[in-house]
Amino acid sequence: MSAVLCTPLRIERAAVGRTGLTVLRTGMGPARSARAAATLPDEAVIVAGVGGGLTPDLRAGDIVVASELRSPDAATVAVPSAPLLAGALRRLGLTVHVGPVFSSPHLVDGAARRALAAGGALAVDMESATLAAGAAGRPFAAVRSIVDTVDHPLWRPGTVARGVAGLRALRRAVPALEQWARATGPREVLLAAPRSFCAGVERAIDVVARALDRHGSPVYVRRQVVHNAHVVRDLRARGAVFVDEVDEVPPGSVLVFAAHGVSPAVRAAAGARGLSVIDATCPLVTKVHTEVRRYAGRGDTVFLIGHRDHEEVEGTVGEAPHDVVVVESAAQAATVTPRDPARVAYAMQTTLAVDEAEEIAGVLRERFPALAGPRRDDICYATTNRQQAVRAIARESDLVLVVGSANSSNSLRLVEVAAREGVPARLVEDAGEVDLGALAGARRVGVTAGASAPPHLVDELVHCLSGLGPVSVRNSRVADETIQFTMPREATLAQPTPGDD
């Protein structure tokens with residue numbers, strides 16, 4: 001789908017400059033905008049121009065992307081693709097805000113501006129809502145570059161300089177507007193299932209939430225309770241304090257161990273400080289710790305297949321640091337040397353890519369016939385299911401988007417698994433990180449999320465895609481997950497026991 005770029009003022013049209021988009025100067029104010037809206041071509045529509053800032057944090061040259069458009073005499077118009085466009089603008093180095101824009105029939109100042117801000121609007125203009133109505137449900141976006149602010153209204157000293165800053169920012173925004181236009185069009189979204197939270201992640205988040213409810217803030221958490229920035233931010237807002245090491249926690253405080261597990265040394269350090277410990281370690285990680293202790297206890301060299309710098313591996317190695325050898329690749333498996341080739345065993349990090357982990361284990365089995373291992377591979381059910389699900393949608397997709405944080409091992413593995421099916425695959429923290437350029441021409445988009453990513457982020461991403469054109473959604477389910485883990489004893493007590501682990 002092509003797009004038309006509407007610039008109300010002549011000076012805004014000049015600021016946009018040369019572009020591959022069709023540019024229309026629609027005129028200032030709602031009356032001229034209504035006439036222009038009636039003759040818009042059957043294309044996606046972008047409104048780009050200057051506007052007035054309504055909140056104190058807005059400065060001249062900042063960009064406001066409308067998440068919805070309000071006006072005195074028309075229904076509010078939602079703009080679902082706003083986070084996608086905002087992300088593209090931020091990647092150009094612009095300062096971007098996303099929120100409601102109010103289209104007024106006249107210039108507003110003073111008390112009128114304060115009233116609009118109190119209602120949640122970020123910026124004010126005179127045309128966008130009318131032009132949005134003219135788009136008649138086609139893909140629509142509105143971008144306003146701020147020229148006057150709460151502290152520096154129009155017709156005050158410095159207006160010219162602020163106007164120049166706003167128009168320069170508008171010109172810088174053009175490549176992102178072009179990307180948005182190229183990304184518009186109908187598409188199908190294939191949703192992998194299972195996706196998002198697993199039982200271990202839900203349990204860990206619930207542990208912190210219960211601790212906050214019972215003890216109040218602060219509740220300390222060693223490292224990220226799960227590897228997702230949104231989860232950490234939400235818990236921090238509720239009063240959780242995330243620390244790197246136990247010695248940062250005041251003696252006698254409540255401390256939660258993250259889902260990835262910790263070494264015995266960390267547990268001992270917590271006990272020495274008199275901390276009330278609540279252990280949110282995933283039971284499947286605990287199972288791997290138990291295996292390593294058992295193998296090491298009988299004198300085996302334990303090959304731990306995993307990533308050396310991952311927190312789960314650090315904690316597992318700590319169970320028997322002199323007996324565990326981390327093996328990160330098949331090449332390393334081909335050269336690693338145990339103390340005694342007849343006394344060897346292996347265990348796995350729970351969030352690995354299944355096929356790569358099995359390749360490494362296969363090399364070890366071939367080299368060491370006496371190699372002992374778990375009755376079932378240690379890779380958790382959720383990791384396995386999500387990898388099978390993303391593989392299924394990748395085979396039908398032009399692009400796969402994996403929602404998850406960059407430090408999430410299971411999310412990174414989903415990207416790798418999809419890519420091995422021959423399809424472009426991208427890891428995104430949320431909709432704002434989606435590359436509009438990657439969406440151009442992608443008419444079938446696969447979407448999944450790592451086991452530590454909240455499900456609402458997937459819903460929001462699909463909603464944003466709907467703002468680029470009609471979207472049909474198809475679920476692709478490879479397994480049903482009914483597993484639930486019981487809460488740790490400490491989380492169900494009225495008060496945790498000091499030093500308990």
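This is a predicted model: local features need pLDDT of at least 70, side-chain atom pairs count only at pLDDT 80 or more; totals for chains, interfaces and linings use all residues.
Me: What's phi doing at R223?

Reply: Phi there is near 60°, a positive value in a residue other than glycine. For background, most residues other than glycine have a negative phi.

Me: And is R223 buried or exposed?

Reply: Buried, because its relative accessibility is 16% and the cut-off for buried is under 20%.

Me: Which residue does the R223 side chain pair with?

Reply: With E314, in a salt bridge at 3.7 Å, N to O. E314 belongs to helix 11 (residues 311-317) while R223 is in its loop, so the pair ties together parts 91 residues apart in sequence. E314 itself counts as partly exposed, at 38% relative accessibility.

Me: OK, how many salt bridges does the structure hold?

Reply: There are 29. One of them joins the side chains of R474 and E188, at 2.9 Å, N to O. R474 sits in strand 20 (residues 471-477) and E188 in strand 9, so that pair ties together parts 286 residues apart in sequence.

Me: How accessible are R474 and E188?

Reply: R474 is partly exposed, with a relative accessible area of 30%, whereas E188 is buried, at 15% relative accessibility.

Me: What about D355, which residue does it bridge to?

Reply: To R420, where the closest N and O atoms are 2.8 Å apart. This pair also links distant parts of the chain, 65 residues apart: D355 is in helix 13 (residues 354-367), and R420 is in the loop between helix 15 (409-419) and strand 18 (425-428). D355 is partly exposed at 35%, and R420 is partly exposed at 38%.

Me: Which residues are linked in a network of salt bridges?

Reply: E12, D125, E127 and R144.

Me: Switching to peptide bonds. Which residues are joined by a cis bond?

Reply: A193 and P194 are, with omega about 5°, and so are S217 and P218, with omega about 0°. P194 is in the loop between strand 9 (187-193) and helix 7 (199-215). P218 is in the loop between helix 7 and strand 10 (219-222).

Me: Now helix 5. Why would you call it largely enclosed?

Reply: Because six of its eight residues (128-135) are buried. Those are S128, A129, L131, A132, G134 and A135.

Me: What comes just after helix 5?

Reply: A136, which takes a positive phi of about 50°. A136 is in the loop between helix 5 and strand 8 (140-148). At 60% relative accessibility, A136 counts as exposed.

Me: Let's look at V403. Where does it lie, and is it buried or exposed?

Reply: V403 is in strand 17 (residues 399-403). With 1% relative accessibility, V403 is buried.

Me: What does V403 touch?

Reply: Leaving aside residues up to four places away in sequence, its contacts include S411, L427, V428, E429, T448, L457 and L461.

Me: How far is V403 from A173?

Reply: Their C-alpha atoms are separated by 26 Å, and the two residues are 230 apart along the chain.

Me: Last bit, the whole chain. How many helices and strands are there, and what are the spans along the principal axes?

Reply: The chain has 18 helices and 20 strands. Its C-alpha trace spans about 85 × 50 × 40 Å.

Me: What share of the residues is buried?

Reply: Buried residues make up 57% of the 501. The accessible surface is about 20300 Å², and 53% of that belongs to carbon and sulfur atoms.

Me: And the contacts, what part comes from residues 24 or more positions apart?

Reply: 75% of the contacts with a separation of 6 or more.

Me: How far apart are the mean positions of the positive and negative charges?

Reply: They are 5 Å apart, for 54 positive and 55 negative charges.

Note on methods: Residues are numbered from 1 along each chain as its sequence is written. Side-chain values use heavy atoms; hydrogens and water are left out. Helices (H or I, at least four residues) and strands (E, at least two) are DSSP runs, numbered from the N terminus. Buried means under 20% relative accessible area, exposed over 50%, partly exposed in between (1.4 Å probe, protein chains only). Contact means heavy atoms within 4.5 Å. Accessible areas come from the Shrake-Rupley method with a 1.4 Å probe; for residues, only the protein chains shown count as cover. Lys and Arg count as positive and Asp and Glu as negative; His and the chain ends are not counted. The place of a charge is taken as NZ of Lys, CZ of Arg, CG of Asp or CD of Glu. A salt bridge is a side-chain nitrogen of Lys or Arg within 4 Å of a carboxyl oxygen of Asp or Glu.
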